[in-house]
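I opened my notebook to look up a few things in a protein chain. Here is what I wrote down, entry by entry.

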Amino acid sequence: MNPAVNPVVNTAVNRRGLLAATAATGLTLATVNFAHAEDRSEGRPGPGADGTHRTRTVRGTLPAGSPDYVYLPVEVPSGVAEFAVSYTYGRPPVPPGAQGNALDIGLFDERGTALGGRGFRGWSGGARTSFFVRSDDATPGYLPGPVRPGTWHIALAPYTVAPEGLPYEVTVTLRFGEPARTPAPVHPPERAKGRGRAWYRGDCHVHSVHSDGRRTPAEVAAAARAAGLDFINSSEHNTTSAHAAWEGLWGDDLLILTGEEITTRNGHVLAVGTDPGVFVDWRYRARDHRFGRYAHQVRRAGGLVVPAHPHATCIGCTWKFGFADADAVEVWNGPWTPDDEVALAEWDNALVAAVRNPGDGGDGPTRWLPAMGNSDAHREPDRVGHPQTVVLAESLSRRAVLAGIRAGRSYLAESAALTLSFAATDGRGGHAGIGERLRAAADAPVTVRLEVSGAAADCTVRLVTDQGVLLTSPLPAAGAGVVEWRTTPAHAAYVRAEVRHAPAVPGLPGAFAALTNPVFLDAKTGTAG
């Protein structure tokens, strides 16, 4: 590399400097200035560029204990049509049990890096080693728009740092020329044709090339249709760039919601069905006491707050913010694993707490969190729609689907082949379905009925109450049939159903084929007459 063509800045970062950096704002490195960088001609200028560009490279090392976010300022002069970045970092071997290096990257423009994301221009995490933004186009994960003069910031996020530090090299290229027109984004409509009031199948946790997925939006939409889904939610890590990437992919048969997977260092949370273009910041930990503010932002944008894979074992994935600000919780993420079993147990314990501590004068349970199931599909062989959340909604619309999820009128299934119905009746005309409450005398007989079709032949039904599993039964026919059970509100404050495959390991629970949200049995004062 010729330093006269590509000047190099060495940025030393020591432990003393890190201690001086504040946790809230991260660490800011020395500014990259293009005042003395030499021009040279490009062989193939991009749209809006005249072929002149300037390049500078920054090298440095981040020590162990670096802040979560380290910002590299870049002074952008007038006349820039494209801002391009490439980066590499060292991955030395580490001792057994130690974490190796992992460095994520993103970009903020001249509006700044303050929390809230006013200056946000994109995020690719660790999925890419280069990106660009210009008026008419940008790398997936980044937002197209003018490259205005001022101080831009490249966000370096040392996810994990080896004991000897994380050496990095960042190359910034500014291409000059007349900017092209920025296209107006086209977002998905809020309604599809649907079937009126019906059960609709959806997957609210999918990834594409706009974060760390490998499928294009077109491939995600095709996979959703192949899986028999009625709706999906765009949920890329820490970016909204995919919101405008679905043009021509929705239809009468497929509703596409826009959202985000807010990927913090203390857990991931889905923003489901937010207004298109609404970005939700992720740069905080539980100790910063900021999550409630951003959960409120999700709801203000019309969406739901859904902690994702709360007990996943990847670094930074375990949910640490509590559930007071959640609208639902993802208890089933992709193929069934032991961490899903832990999430299920935690969710069920929360149901018990809700019925043990009734609110509003004792009339019914306190607020409870519905369960969701999503695929978190990134690439082949991940299956979009495995699992899926099946929601009773008044229409196939954003508003109706989110209302059904929020109310818990839903069940989870491993595929569109499996259908079930689940309800409780009291023999006097009282009826309650999934997510609803049946009020009856404490000792009134209540019949719980589960009907299953399309399950595998090895599946077994379990009925679970606040006391635990009170009925285990094979399906009357291979993969289908009706199971009934009788109880009273005094005996069971709620009942939920599980359909499980045969255990892969004797003595352990089998993987799920389906799971319902509960039917609550509220005891009225008095006895059955």
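**Entry 1: the whole chain**

I began with contacts (heavy atoms within 4.5 Å): of those in the protein chain with a separation of 6 or more, 72% are between residues 24 or more positions apart. I noted that this is a predicted model, where local features need pLDDT of at least 70, side-chain atom pairs count only at pLDDT 80 or more, and totals for chains, interfaces and linings use all residues. I also noted that residues are numbered from 1 along each chain as its sequence is written, and that side-chain values use heavy atoms, with hydrogens and water left out.

Next I looked up the helices (H or I, at least four residues) and strands (E, at least two), which are DSSP runs numbered from the N terminus. The protein chain has 5 helices and 32 strands. Of its 529 residues, 55% are buried; buried means under 20% relative accessible area, exposed over 50%, and partly exposed in between, with a 1.4 Å probe and protein chains only.

**Entry 2: strand β21**

How many residues of strand β21 are buried? I found that 6 of the 6 residues, 388-393, are buried, so the strand is largely enclosed by the rest of the structure. In a regular strand the side chains alternate between the two faces of the sheet. Here Gln 388, Val 390 and Leu 392 point one way, while Thr 389, Val 391 and Ala 393 point the other way.

I then checked its pairing (strands pair if DSSP finds at least two bridges between them). Strand β13 (residues 198-206) pairs with β21 in the antiparallel sense over 5 bridges, and Ala 198 stands opposite Ala 393. Strand β22 (residues 410-413) runs antiparallel to β21 and is joined to it by 4 bridges, with Gln 388 opposite Ala 413.

**Entry 3: aromatic rings**

My rule was that rings of Phe, Tyr and Trp (its six-membered ring) pair if their centres lie within 6.5 Å; planes under 30 degrees apart count as stacked, over 60 as edge-to-face and the rest as tilted. By this rule I count 21 aromatic pairs. Phe 83 and Trp 152 have ring centres 5.1 Å apart and planes at 15°, so this pair is stacked. Phe 83 is in strand β7 (residues 80-89) and Trp 152 in strand β11 (residues 150-160), 69 residues apart. Both Phe 83 and Trp 152 are buried.

Tyr 494 and Phe 520 have centres 6.2 Å apart and planes at 65°, so I wrote down edge-to-face.
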